[in-house]
Amino acid sequence: MLVAAVSMGVSGSSFAQEAEEDDEIVVTGSRIVQSANVVSSSPVVTVDEELFDVRGTVDTIDLVNTLPSAYAAQTTAFANGATGTSTLNLRGLGSVRTLVLVDGKRLPPGGPLGGFAADLNLIAPQLVERVEIVTGGASAVYGSDAIAGVANFITRKDFEGVEVDLQYGFNQSNNNSEFWRENLQNAGIEPVTGSVTDNDTFQAAALVGTGLGDGRGNVTGYFNYAKNDGIQQGNRDFSQCATFPIGDSELICLGSNQGPFPTTFVVSNQNDATGVGVPIVDINGNFIGLDDDGNPLTSGVFSLQPDASLNSGFTNAFNFNPFNPIRREVERFNAGFTGYYDVNEDVQAYMDFGFTSSSSPQIIAPSAAFGSSINRVNCDNPVLTDEARALICGNGDINGPFPRDVDGDGYAQANIRRRFVEGGPRTDDRSRTNFRVLGGFRGDISGLNYDVFGQYSETGLSRVQFNQVTFTNLSNALDIVTDPATGLPACRVAVNGTDPSCVPFTSAYDLNVPSSPLLPAYVDTPTLTTGKSTQAVFGGTVGTEVGFKTPWADEGMNALVGFEYRQDTLFQQADGIASSGGLVGSGGATTPANGKTELYEVFAEAILPLATASESGFGASLNGAFRHSDYSSEDVLLNRKGGNFGVNTYAIGLTVDPISDLRIRGQYQRAIRAPNVLELFNPQNSGLASLSDPCSGTNPGANDGPTAAQCANTGLPTSLYGLVPADSGQLNTLTGGNPDLTPEISDTFTLGAIYQPSWASGLTLSVDYFDITLDDAISTIPASNTLNNCLATGDAAFCDLIQRGPDGSLTFFPREQAFITTTSQNVAGFATSGIDFQAMYKTDIGDWGDVSFNYNSTLMLSQESTDVPGTPTYDCTGFFAAGCGSPNHEYRHNFQTSWQTPWDARISAVWRYFSGLDQVGTIDNVLGGTGAVTSVQADGGASIDDSIDATGYIDLAGFYDLSEKITLRAGVNNVLDNDPPIVTTFGVSGVNVEANTVAGVYDAGGRFLFVGANIKY
């Protein structure tokens, strides 16, 4: 009989267990309680509990994200765009398409403002015995969401005694890069040098368990407290400044022109009564310059200097990096219990309860008047210098007249871009509390295995935002006049009595006229968002051997039938300012939501042994599953129904043992994912896309840029061609749900083999091919796809999704007037295929103990996307950025070597490896295109981040058994303190860049050193 290898770390596919003939097990991928000799055809990769200690993991997500099949998702490495949750994204198909279970039951989603993927923060690491990962669709067995795969966290049971685990760790980096030191000094920034330690991390956990009723039951309680202080980008040389690539080996420290410091005025074109643009003049009334046709310039950019003079162009870029984290601060508390009791020989009662409280403040750079958020200047402003008044209003005399005030209201059109450094960093503190209770009865009555259960979970959110800057108050503070009573600058609304509390923002116009210390309190209005999500699940299964048996099998068919009901609800509500989009620095309104989905399901599963393998004979088994699901949904907020639909999912698989050492397995599965509450009913809202407008700037047609006619396709009047204010890589989008969404449909095919040669005891080899296709995927038409297709073709299907602001920009504020529509639709298609390899070997080395080797890798063969029906499919394997998004490595592996010494000590080394990548230059995904993906280099371009070299990390850990009850450990992750690969903050679109690298993929904190102790009583 094939047996599974014993492994400390990542082990191969769980295809059998060392077990007695009458042992019964449940393997992830099947609900059937079955003989240990009969196993599901699904490939299952197992992560054992000791790997948590080997890597010093305090966040569950940090462990499973080291698996080659896992892609970057929400972790504490995210700053901008962080939700405060931790989510698992298998195969790069999205976290909502990965089903997460705890002991075979659903883990609830992240809750309000956390997306609808399961939040792994709810799982205490010390409670986990192992994690089983199933590749590909498993909806017929487990229901919706199991498209990319299933992660089943198996928790410790039957624990007796007391176990305490303590750990302390911190990050350390040498900051010794000559490259970064030179670039920082060239930018006038004092580089961080020498060793820096930070991110103090502490974890305390305890397990307490006892038997009940003379062995009839057990109850195990757990407690886990974890806290880390985070890492700031200003503490690492490679992340001290926001960067832009120049040439193939250089970069510059740039910063943000959307929110600069001091102020930058972007003066817009203004036409007089005859339709002719009003020239920009200096303080003497002279034209400031002529365009290529010899006409006076009618628009321009002017940056305020510390001495109150103005320079032409964007010269005040603000370096926001030092304010932003590499790793966010987190504090988390988990507590609960799990237990069971044998009521009699036929009935076992069981119950689990868990509580989690977590807080992870998102602290980023100060807010600003970004882009077009403040788009006019009052010409009677006494703080405005005569030079600035002439350029903006057309006359330096405060008494006028003002030629550029074309409508005579006293204001001239100009963006006021200014970082509000006086207010300090923006803080978005999201505190979440969750409880989950599960109870049920299971047992065996006359050969019928049954399990009836109920589960309820609830997640609450309290979100407090500080220093985001309130739009109305900022506008009031910038509208400054002379107070006739005092002769001093004052807010217009304070003088006319509309808002007597207004404090003038004088330093926005002249740093030598400092604003009052009361300004931050006036401009910032803290906002509160609260919310709650719930999930209720009730279900049951009955399984038995049905009596049918083939002549060649020792065991008969095992079958199971079951039912399940699930209800998900979501409620979130922000206060008036946040819900109206009144916060300038938050990216859009926090819209209310109140909806629910309901599900009724019946399902069946069967495993039929075709032949029982002998020592050298043939063995085989066949398995199948079917599930029917009926969905309904309701938008409680707007009193409307979503779609009601029924879907079927199914699976069929075969395992064959042609010889005693080899098992071959294959499976086909039809899987679905039903739209969740947010995708159905999330109200329309404004957001931001990492994208530049090709039609912006003074010369958009340069370097084969778009023509005026092409820009007209996108809604830009030809009169504004060349006059659209430049953006800094973020455009407004319109987001929202769609009640008419239907389920996604996926097909998965897997084929693999496991080889355990009898001539090499302790060796296990496995290989599995997977192919996952997804149609009618719930997605948005990417803003880049919409813009590119509209420019190239003028097709109304794309151009109608673009709305430009009065100034022609896609950055205008309020954002409701300028955006690219990206609401949810069943439009996308995805397909991925690859090969998973596992190799395990353990051998005795005599007096030196024993060693084990564990190798786990994924070779991606394709990572395909179809953005919109009718557009070509493109393959992102080996690429990153633009339409390919996060890195799609062609190859990844973990290789662990462990040595069990004869001196009560164990040593483990892990090598993590990522293959190299090319940055996307172009994707020919427009209508009629070929779908070809080319690199920046192949397109004739060159930049310092046009490719990412292969990257590897070494992690070391050691354990020492001080006694039978005390084990000490110590370790270092990223032993060589490898800096992450450079991905510049500006110049790369479509990927989440933090600290000048890809957030959540590469180690950006330097070494992580830890020590710990495990004490048993």
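## The second largest cavity

Let's start inside the protein. In this predicted model, the second largest cavity has a volume of about 360 Å³. Its lining is made by 31 residues, and those nearest its centre are R106, F116, D145, R566 and D568.

Which elements supply at least two residues each to this lining? They are the strands β7 (98-102), β32 (558-574), β33 (593-611) and β34 (619-635), plus the helix α10 (677-681). Sorted by class, the lining of the second largest cavity has 16 nonpolar, nine polar and six charged residues.

## The largest cavity

The largest cavity holds about 870 Å³ of space, and 48 residues line it. Look for R55, D62, R327, Y1002 and D1003 if you want the ones closest to its centre. In total, the structure has 15 cavities of 30 Å³ or more.

Several strands give two or more residues to the lining of the largest cavity: β5 (70-71), β12 (196-212), β20 (325-327), β45 (850-866), β48 (891-900), β49 (905-914) and β56 (997-998). Of these, β48 gives the largest share, with four residues. By class, the lining of the largest cavity has 20 nonpolar, 20 polar and eight charged residues.

## Salt bridges across the chain

Side chains of opposite charge can pair when their charged atoms come close. This structure has 37 such salt bridges. One of them joins R332 and D59, with N and O 2.7 Å apart. These two partners sit 273 residues apart: R332 is in strand β21 (residues 330-342), while D59 is in the loop between α1 (50-54) and α2 (60-64).

Another bridge pairs D479 with R492, whose closest N and O atoms are 3.1 Å apart. Here the partners are 13 residues apart, with D479 in the loop between α6 (471-478) and β29 (480-482) and R492 in helix α7 (residues 492-495). D479 counts as buried because its relative accessibility is 13%, under the 20% cut-off. R492, at 24%, is partly exposed.

A further pair is R804 and D693, at 2.8 Å from N to O. R804 lies in the loop between β42 (802-803) and β43 (819-821), and D693 in the loop between β38 (685-690) and α11 (708-713), 111 residues apart. Both count as buried, R804 at 10% relative accessibility and D693 at 4%. There's also a network in which salt bridges with shared partners join R55, R912, D955 and D1003.

## Out on the surface

V1011 belongs to strand β57 (residues 1007-1016). With a relative accessible area of 45%, V1011 is partly exposed.

S947 is also partly exposed, at 23% relative accessibility, and you'll find S947 in strand β52 (residues 947-948). How far apart in space are S947 and Q468? Their C-alpha atoms are 36 Å apart, and the two residues are 479 residues apart in sequence.

Most residues other than glycine have a negative phi, and most peptide bonds are trans. The peptide bond from F261 to P262 is cis, with omega near -10°, and P262 is in the loop between β16 (250-253) and β17 (264-267). The bond from G400 to P401 is cis as well, with omega near 0°. P401 sits in the loop between α5 (386-393) and β26 (411-419).

Then there's phi. D214 has a positive phi, near 55°, and lies in the loop between β12 and β13 (217-228). N996 has a positive phi near 60°, and its place is in the loop between β55 (993-994) and β56. Where these two part ways is accessibility: D214 is exposed, with a relative accessible area of 84%, whereas N996 is buried, at 2%.

Technical notes: Residues numbered from 1 in each chain as written. Predicted model: local features only at pLDDT ≥ 70, side-chain atom pairs only at ≥ 80, totals over all residues. Heavy atoms only, no water. 1 Å grid on protein atoms, 1.4 Å probe; cavity = no way out; pocket = protein on both sides within 12 Å on 5 of 7 lines; lining within 4 Å. Points joined across faces, edges and corners; volume = space filled by probe spheres on them. Nonpolar A, V, L, I, M, F, W, Y, C, P; charged D, E, K, R; others polar. Buried < 20%, exposed > 50% of the residue type's maximum accessible area, 1.4 Å probe, protein only. Salt bridge = Lys/Arg side-chain N within 4 Å of Asp/Glu carboxyl O.
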